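Subject: Handing over a structure

Dear colleague,

I am passing on the structure below, together with an account of what was found in it. Please look through the sequence and the model first, and then read on.

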Amino acid sequence: MDYARFEWKSDYNIGVEIVDKAHKQLCSILNRLVDNLQWGDPQSNKRTCMEAIKYLKDYTIKHFAEEEEYQQSIGFHGYSKHKQMHDNMRDIVIPALEREMESKDYSLASIKHFTGAYTGWFMHHVLIDDQAIVGKVRSKWLYSANADKVTILEDRAKVLIYGLFQMQAELVSHQYDGYEIDEAFYCEAVFKDETERILYRGTLAIEMELLLASLSAIMNKDIKEIDDVIAPMATSLASSFISDVTKSFAAKHLSTISTTVLQRADFYAEFDDVYPDYSLLWRTDHGYFAFCLNVREQS
């Protein structure tokens, strides 16, 4: 992933001074993170990341409350979903990113992931979702996920990660907005229910290091690449995960319509216009993986 400094423009202001001021500070921190990565100073990287985490902890308590109060004062129709995003960032994403950096002693890889996550959140939430508060753009979060269904996805995925991938995983976000992870294997599976009216489309992105580690553990040999022999096994592993999680979510019999290996661009196109109904991101010791699910009723 390439990291570039971000230039704040007046167009990004929403016209609420206390909100705009906080967003400019977020932009300043983002640029410090990018500068430090380019300078390559490990101690400076660590110090800046620690300061960024501290600021984000304070920000997500004070600023989120101020922003939510403003939304309620103007009767913002997307308040409930917006608050869910705030809660996810404050209670799940930031603690998970901090734990990752601390557990890896602020390694370059963990700092790069933190910077990527921060950049993705800034671009999507501040420059799109917060702009929607005053009607400057349309939010990409059109669907408000059912909390009970999210829990089903989380719980079932956790069991499968251990069973299929032979490792523990930590939920990083239950509102993954498509910021790019490292080189990955992408897969899609589509299902229909017995009425043939409801379609379920699940997509999975598994970082290559994680996939290779999982296949190596299953085959009891060192797998270093996805060649023509290993590719069908990788597809089977990914499609098994998608199928099991999706069927647990649906809580009824589903028939598989198709299974497809996706290109990187195809997976991220999922986030171009409207975000998936459900999108979650997990971290393991060997890398990240994301699962997205869309449910549509055919006329």
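A residue counts as buried when its relative accessible area is under 20%, as exposed when that area is over 50%, and as partly exposed in between. By that cut-off Phe271, at 4% relative accessibility, counts as buried, and so does Phe267, at 1%. Please keep in mind throughout that this is a predicted model.

To begin with the chain as a whole, the secondary structure comes to 8 helices and 6 strands, and from the N terminus on the elements run α-α-α-α-α-β-β-β-α-α-β-α-β-β. The C-alpha atoms fill a box of roughly 55 × 50 × 30 Å along the principal axes. The radius of gyration is 20 Å, which agrees with the value near 19 Å that a compact globule of 299 residues would have.

Next come the aromatic rings. A pair of aromatic rings is described by the distance of the centres and the angle of the planes. Rings of Phe, Tyr and Trp are taken as a pair if their centres lie within 6.5 Å, and by this rule the count comes to 20 aromatic pairs. One of them is formed by Tyr55 and Tyr59, a tilted pair with 5.9 Å from centre to centre and 35° between the planes. Because these two residues are 4 residues apart in helix α2 (residues 42-73), Tyr55 and Tyr59 are separated by about one helical turn. Tyr55 counts as partly exposed, at 24% relative accessibility, whereas Tyr59 counts as buried, at 3%. The rings of Phe267 and Phe271, with centres 5.8 Å apart and planes at 65°, form an edge-to-face pair, since planes over 60 degrees apart count as edge-to-face. Phe267 and Phe271 also belong to one aromatic cluster, which is formed by Tyr176, Tyr179, Tyr186, Phe267, Tyr268, Phe271 and Tyr275.

Pro95 is found in helix α3 (residues 79-103) and counts as partly exposed, because its relative accessibility is 22%. Not counting residues up to four places away in sequence, Pro95 touches Met89 and Arg90. Pro95 and Ile53 are 42 residues apart in sequence, while their C-alpha atoms are 8.8 Å apart in space.

Ser216, for its part, lies in helix α6 (residues 208-219). Is Ser216 buried or exposed? With a relative accessible area of 14%, Ser216 is buried, because that value falls under the 20% cut-off. If its neighbours within four places in sequence are left aside, Ser216 is in contact with Lys221, Asp222 and Ile223.

Technical notes:
Residues are numbered from 1 along each chain as its sequence is written. This is a predicted model: local features need pLDDT of at least 70, side-chain atom pairs count only at pLDDT 80 or more; totals for chains, interfaces and linings use all residues. Side-chain values use heavy atoms; hydrogens and water are left out. The radius of gyration is taken over C-alpha atoms; the globule rule is 2.2 Å times the number of residues to the power 0.38. Buried means under 20% relative accessible area, exposed over 50%, partly exposed in between (1.4 Å probe, protein chains only). Contact means heavy atoms within 4.5 Å. Rings of Phe, Tyr and Trp (its six-membered ring) pair if their centres lie within 6.5 Å; planes under 30 degrees apart count as stacked, over 60 as edge-to-face and the rest as tilted.
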